[in-house]
Amino acid sequence: MRISARADYAVRAALQLAGTRDAGPLKAEAIADAQDIPHKFLEGILNDMRRGGLVLSQRGGNGGYRLAKEPAAISIADVIRVVDGPLVSVRGVRPPELSYSGPAESLLPLWIALRANVRQILDGVSLADVASAELPGQVSALAEDPASWTNP
């Protein structure tokens with residue numbers, strides 16, 4: 001699985017908004033500077049997040065962006081889906097829409113299982129979890145396994 005720059009930037013921008021929730025709306029420039037995200041790229045991401053119902057925008061001198069919901073109500077998967085679409089696809093196709101034959105037939109349940117595991121982790125972690133550095137136990141356990149940090 002590959003996390004796109006767009007998804008990474010969107011999650012980081014959402015976390016910046018979660019971390020400064022009580023400070024009022026944040027300008028895109030402030031988010032871009034704080035997270036070292038190219039400003040023009042971030043504007044497009046924030047527009048997608050606004051259309052997806054994750055952020056609200058306010059115009060004017062005191063304007064900017066803020067989360068549309070509490071950080072605990074927005075999962076990391078929600079953010080990724082809004083900017084990149086489905087979490088797991090094969091050649092741009094969702095696994096249930098695929099079919100294989102012969103020796104490759106059992107690939108389909110493998111892709112479905114992969115999707116289920118990705119969903120379980122990304123749907124189970126909220127912006128609040130990450131912003132507070134309090135990841136769910138299952139996620140922390142996976143990250144603490146030294147084998148998780150090595151590339152075969």
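Student: How many helices and strands are there in the protein chain?

Tutor: This is a predicted model, and its protein chain has seven helices and two strands.

Student: What pattern do they follow along the sequence?

Tutor: Reading along the sequence, you get α-α-α-β-β-α-α-α-α.

Student: And what does the C-alpha trace span along its principal axes?

Tutor: About 65 × 30 × 25 Å. The chain has 152 residues, and 30% of them count as buried.

Student: Of the contacts between residues at least 6 apart in sequence, what share joins residues at least 24 apart?

Tutor: That share is 57%.

Student: OK, helices. Which residues of α2 are buried?

Tutor: In α2, which runs over residues 28-35, the buried ones are A28, I31 and A32. They cover an arc of only 100° around the axis, so they sit on the same side of α2.

Student: Why would residues three or four places apart point the same way?

Tutor: Because an α-helix has 3.6 residues a turn.

Student: Got it. What do the buried residues of α2 pack against?

Tutor: Their partners are α1 (5-19), α3 (39-51) and β2 (64-67).

Student: What about the residue with a positive phi just after α2, which one is that?

Tutor: That's D36, with a phi of about 55°.

Student: Moving on to α3. What should its 13 residues span, and how far apart are its end C-alpha atoms?

Tutor: At 1.5 Å a residue, α3 should span 18 Å, and its end C-alpha atoms are 18 Å apart, which agrees.

Student: Which residues of α3 are buried?

Tutor: L42, I45, L46, D48 and M49. Looking down the axis of α3, its buried residues fall within an arc of 160°, so they line one face of the helix.

Student: What exposed residues are on the face turned away from that buried side?

Tutor: K40 and R51 are carried there.

Student: And what covers the buried residues of α3?

Tutor: The cover includes α1, α2, β1, β2 and α4. Just after α3 comes G53, with a positive phi of about 80°.

Student: Now α4. Which of its residues are buried?

Tutor: I76, A77, V79, I80 and V83 are buried in α4. Their arc around the axis is only 160°, which puts them on the same side of α4. Among the elements covering them are α1, α3, α5 and α6 (127-131).

Student: What follows α4?

Tutor: G85 does, and its phi is positive, near 90°.

Student: Let's do the loop between β2 and α4. Is S75 buried or exposed?

Tutor: S75 lies in that loop, and at 7% relative accessibility it counts as buried, since the cut-off is under 20%.

Student: What does S75 touch, leaving out residues up to four places away in sequence?

Tutor: L122, D123, V125 and S126.

Student: And where is A68?

Tutor: A68 is in the loop between β2 and α4 too. A68 is partly exposed, with a relative accessible area of 31%.

Student: Which residues is A68 in contact with, leaving aside neighbours within four places?

Tutor: A68 contacts G53, L54, V55 and L56.

Student: Switching to pockets. How much space lies in the largest one?

Tutor: About 450 Å³. The largest pocket is lined by 13 residues, and I121, L122, L135, V139 and A143 lie nearest its centre.

Student: Which elements give two or more residues to that lining?

Tutor: α4 (76-84), α5 (107-123) and α7 (137-144) do. The largest share, three residues, comes from α7.

Student: How does that lining divide by class?

Tutor: The largest pocket has 12 nonpolar residues in its lining, one polar and no charged ones.

Student: And the second largest pocket, how much space is in there?

Tutor: About 180 Å³. Its lining residues are K27, A28, E29, E43, S57, Q58, R59, G60, G63, G64 and Y65. The elements giving two or more of them are α2, β1 (55-58) and β2.

Student: How do the residues of that lining divide?

Tutor: Two are nonpolar, five polar and four charged in the second largest pocket. A28 is one of the lining residues, and A28 is also among the buried residues of α2.

Note on methods: Residues numbered from 1 in each chain as written. Predicted model: local features only at pLDDT ≥ 70, side-chain atom pairs only at ≥ 80, totals over all residues. Heavy atoms only, no water. Buried < 20%, exposed > 50% of the residue type's maximum accessible area, 1.4 Å probe, protein only. Helix = DSSP H or I, 4+ residues; strand = E, 2+ residues; numbered from the N terminus. Arc of directions from axis to C-beta. Contact = heavy atoms within 4.5 Å. 1 Å grid on protein atoms, 1.4 Å probe; cavity = no way out; pocket = protein on both sides within 12 Å on 5 of 7 lines; lining within 4 Å. Points joined across faces, edges and corners; volume = space filled by probe spheres on them. Nonpolar A, V, L, I, M, F, W, Y, C, P; charged D, E, K, R; others polar. Expected span 1.5 Å × (residues − 1).
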